[in-house]
Amino acid sequence: MARDASRRPTPRKKEPRRTGAPARTAAPRAARRATAPRARSAAPAASASHRGSTPAFLGGPSARTAPTASASPRDRRQRHQRGQALRVAAGVLGVLLAVALVAVVVLFALRDSSVFEITSVEVQPTEHVSATDVQNLAQVPVGSTLLNVDTSAIESALRRNPWVASVGFERIFPHTLKLTIIEQRPDALVVMSSGSVGWYLGDADVWIQPAKIEPAEGQSTDDAALDLALSEGCLLITDVPSTVDPKAGSVATDDVLAAVDAFRTGFSEDFSSQVVCYFAPSPDDISCMLKSGVQISLGSATNVEEKETLARGLLEKYPDSAVSINVRVITNPSVKPVDSSYVGPGDGVSVDEGGSGAEAGAGGDAGTGDAATSEPTGADNAGADDGSDQAGAGSDGAQDAPADDGSGQ
């Protein structure tokens, strides 16, 4: 197509600027660009809030506070109740501490006050401790009160009396202190080989005090000692060597007494309750006497249980005739019977059935008896006295054991 050279482009007309209209500048466009991202970023937040969970990194609630917002009414009520309980407990504890503090202050204020000064001391006397003994031993310092009295010093002073095991104290306000004496229980009456003096030995192995043995007319020393021991409810340990030297208030540490104690603790309770007397001339020569009057030679404090078993067997085998049993050597036990219906706690005199005669004193040897009633011959037999009484072979070949006062029954 041929171009028409005569045609020219029509010039573009500029529109005249309107007066009073604001001029268009770049500021509104920049402002729009600045505010647009903010609007876009707010949209996800609103959407997330609408869904009920907003990530913490976008400014939402933290993980620690989220459960609180979603806690149920029951959980909130329980937390409230726990808080209330803690507040009440704290209040009670505070009140108790305040009361304790006041009590301490009052105690220190009154402990030396004459309000509670001791003006009267009451003592309940016992069998072996009199009120005079207590007053002589325990002097309560003048001016002492029920709150500051030194009870430990009073008890230590009273325990200088070997019969006193412990002391109980009772404060009777406003002015009285009451003392209760607990006596040491005598566990055994120990008689020395001299036979005239014995000593009480307490259950804590403490020597208490001496006791004079005074036999009645026609009574042996051992029988008199046994009567005294039974009256005190304790065991008799006799023939103890003179090397034992008791001192009131001291602990007994003698080997011979330790050997006796080994038998007492090693025997069964039933068998031990049948023993009324132990003979203890040495630690290796212990023997005992039962309530029935049967004497058992035990020897040293070894194989105690086996020796009890052997003694029980022989007692069952000879229930009405055995007067002396020997279990010193557990492999060779023996028994010395007597042809008599009487078996009592006499002086140790007995005769076998064979008429050969036998010595039944402490540490004596048994003679050869009747094979039908006697165990192996030549065994040692323990007696109940010093061995001075013998059963010699008479013309009739038998002699019954003499009856005594039955103190060992």
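Start at Asp239, which is buried at a relative accessible area of 19%; buried means under 20%, exposed over 50% and partly exposed in between, with a 1.4 Å probe and protein chains only as cover. This is a predicted model, in which local features need pLDDT of at least 70, side-chain atom pairs count only at pLDDT 80 or more, and totals for chains, interfaces and linings use all residues. Residues are numbered from 1 along each chain as its sequence is written, and side-chain values use heavy atoms, with hydrogens and water left out.

Stay on Asp239 and check the backbone: phi is positive, about 60°, although the residue is not a glycine. Asp239 sits in strand 7, residues 235-240. Strands (E, at least two residues) and helices (H or I, at least four) are DSSP runs numbered from the N terminus.

Next select Asp205, where phi is also positive, near 60°, in a residue other than glycine. Asp205 belongs to the loop between strand 5 (197-202) and strand 6 (207-212). Is Asp205 buried or partly exposed? At 36% relative accessibility, Asp205 counts as partly exposed.

Now zoom out to the whole chain. Its secondary structure comes to nine helices and 14 strands. Of its 409 residues, 34% are buried. The chain exposes about 24,600 Å², of which carbon and sulfur atoms supply 53%; accessible areas come from the Shrake-Rupley method with a 1.4 Å probe, and for residues only the protein chains shown count as cover.

Strand 1 pairs with strand 3 (residues 176-183) in the parallel sense over five bridges. Within that region, Glu122 stands opposite Lys178 in strand 3.

Then pick the loop between strand 2 and strand 3, where Pro174 lies. The peptide bond from Phe173 to Pro174 is cis, with omega near 15°.

Move on to strand 10 (residues 295-299). How many of its five residues are buried? The count is five of five. Gln295, Ser297 and Gly299 point one way from the strand, while Ile296 and Leu298 point the other way. In a regular strand the side chains alternate between the two faces of the sheet.

Strand 9 (residues 286-290) pairs with strand 10 in the antiparallel sense over four bridges, and Met289 stands opposite Gln295. Four residues separate the two strands of this hairpin, in which Gly293 takes a positive phi near 95°. Strand 11 (residues 322-326) pairs with strand 10 in the parallel sense over three bridges. There, Asn326 is the bridge partner of Ser297.

Finish on helix 3 (residues 73-110), which holds Val88. Val88 is exposed, with a relative accessible area of 55%.

How values were computed: Pairing = 2+ DSSP bridges.
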